[in-house]
Amino acid sequence: MRTRSSRSTPARVLVVGGTGFIGRACVAALRSVGHDVVSASRSSAELRCDLCRDSMESLRAALSGVDLVVNAVGVKRATHEQSWEAAHLQSVRRLLQAMGGAGVRCLVHVTVAGLSSAHTDPYSATKLASE
């Protein structure tokens, strides 16, 4: 991530997965260079947002006025509430669909470095497929 903004005006940025380890770092870094950042997650964030369960209408509304989305959604362990497939694939598909409907054209998709088809565990496989 750049240490200073190359834009003359701050961008409005939505960080989904904004309460996780990487998401919190993204939110802090973007704010430190003057961007208008909204942190979104399934729980306890500035904006409660469940990419898999919320209506497409509410997802588009969350994107209103947004210039850029950072997708930092990820789960380390699948649970009955959130599978790897839902977190890493379904959420990306729905996010892209909502962004298209809201006219948001810029996405930074956070994934894992060094993944290949040799990684067959569910976490790695779904992260790779999301790319």
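1. Strand 1 (residues 12-16) is mostly covered, with 4 of its 5 residues buried. Buried here means under 20% relative accessible area, exposed means over 50%, and partly exposed lies in between (1.4 Å probe, protein chains only). Helices (H or I, at least four residues) and strands (E, at least two) are DSSP runs, numbered from the N terminus. The model is a predicted one: local features need pLDDT of at least 70, side-chain atom pairs count only at pLDDT 80 or more, and totals for chains, interfaces and linings use all residues. Residues are numbered from 1 along each chain as its sequence is written, and side-chain values use heavy atoms, with hydrogens and water left out.

2. Strand 1 pairs with strand 2 (residues 36-41) in the parallel sense over 5 bridges; two strands pair if DSSP finds at least two bridges between them. Within this pairing, Ala 40 of strand 2 is the bridge partner of Val 16. The chain passes from strand 1 through helix 1 (residues 21-32) to strand 2 in a right-handed β-α-β crossover. A crossover is right-handed if, with the strands pointing away from the viewer, the path from the first strand over the helix to the second runs clockwise.

3. Strand 1 is also joined to strand 4 (residues 68-71), by 4 bridges, and the two run parallel. Here Val 13 stands opposite Leu 68 of strand 4. Leu 68 lies 14 Å from Ala 29, C-alpha to C-alpha, at a sequence separation of 39 residues. Ala 29 belongs to helix 1 and is partly exposed, its relative accessible area being 25%.

4. What is the order of the strands in the open sheet? The sheet has 5 strands in the order 3-2-1-4-5, with parallel pairing. Strand 3 and strand 5 (107-109) stand at the edges with a single partner strand each, so one side of each has no neighbour in the sheet.

5. Ser 41, in strand 2, is buried at a relative accessible area of 6%, and its side chain makes a polar contact of 3.2 Å with that of Thr 19. Asp 54 is located in the loop between strand 3 (47-48) and helix 2 (56-62). Asp 54 counts as buried, at 13% relative accessibility, and a polar contact of 2.8 Å links its side chain to that of Arg 48.

6. The largest pocket holds about 670 Å³ of space. Among the 30 residues lining this pocket, Gly 20, Ala 72, Val 73, Gly 74 and Val 75 are the closest to its centre. Helix 1, strand 2, helix 3 (84-102) and helix 4 (122-130) are the elements that each give two or more residues to the lining, and helix 1 supplies the largest share, 3 residues. On a 1 Å grid over the protein atoms alone, a pocket is an open set of points with protein on both sides within 12 Å along at least five of seven lines, whereas a cavity is a set where a 1.4 Å probe fits but cannot get out; lining residues have an atom within 4 Å of a point. Grid points are joined across faces, edges and corners, and a volume is the space filled by probe spheres set on the points.

7. By class, the pocket lining comprises 14 nonpolar, 11 polar and 5 charged residues. Ala, Val, Leu, Ile, Met, Phe, Trp, Tyr, Cys and Pro count as nonpolar, Asp, Glu, Lys and Arg as charged, and the others, Gly among them, as polar.

8. There is 1 cavity of 30 Å³ or more, and the largest cavity contains about 50 Å³ of space. Its lining consists of Leu 14, Val 16, Cys 49, Leu 51, Leu 59, Ala 62, Leu 63, Leu 95 and Ala 98. Strand 1, helix 2 and helix 3 are the elements that give two or more residues to this lining. By class, the cavity lining has 9 nonpolar, no polar and no charged residues.

9. Thr 120 sits in the loop between strand 5 and helix 4. Thr 120 is exposed, with a relative accessible area of 65%. Val 110 is 10 residues from Thr 120 in sequence and 19 Å from it in space, C-alpha to C-alpha.

Terms used: Polar contact = N/O pair within 3.5 Å; in protein donor to acceptor, adjacent residues only side chain to side chain.
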